[in-house]
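I opened this entry to record what I looked up in one structure.

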Amino acid sequence: KAENGFCGALFAAQKLIYRQPKQIKKLNREFMDKAGSLQCKTIRKLRKLSCHECVNLAAELTENILSFQDSTSKLK
């Protein structure tokens, strides 16, 4: 559990893309769609994903966002 009760994996992912509010919103939206919440306590209560699965999801979403940004920056 991280600040404000956020899932720790999501919180870490947010910190990796912290200067890009639109991407953080996208990350949060996609994470919530799969986990059911952004809050650790609620995610555990819903039992949609385990902590391990939340880490994998946050990593996958972050990688997708950063890969997309990298590919678009090469086009400039």
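I began with burial: 37% of the 76 residues of the protein chain count as buried. The model is predicted, and I read every value with that in mind.

For secondary structure I found 4 helices and 0 strands in the protein chain. Read along the sequence, the pattern is α-α-α-α.

I then checked the contacts. Of those in the protein chain with a separation of 6 or more, 50% are accounted for by residues 24 or more positions apart.

I turned to helix H2, which covers residues 21-35 and has 15 residues. From its first C-alpha to its last, H2 reaches 20 Å, close to the 21 Å expected at 1.5 Å a residue.

Which residues of H2 are buried? I listed Gln-23, Ile-24, Leu-27, Asn-28, Phe-31 and Ala-35. Seen down the axis of H2, these buried residues fall within an arc of 135 degrees, so they line one face of the helix.

I looked at the other side of H2 as well, where Lys-22, Lys-25 and Asp-33 are exposed. For these three I applied the cut-off for exposed, which is over 50% relative accessible area.

Last, I checked what comes after the helix. Gly-36 follows H2, and I noted that the phi of Gly-36 is positive, near 90 degrees.

Technical notes: Residues numbered from 1 in each chain as written. Predicted model: local features only at pLDDT ≥ 70, side-chain atom pairs only at ≥ 80, totals over all residues. Heavy atoms only, no water. Helix = DSSP H or I, 4+ residues; strand = E, 2+ residues; numbered from the N terminus. Buried < 20%, exposed > 50% of the residue type's maximum accessible area, 1.4 Å probe, protein only. Contact = heavy atoms within 4.5 Å. Expected span 1.5 Å × (residues − 1). Arc of directions from axis to C-beta.
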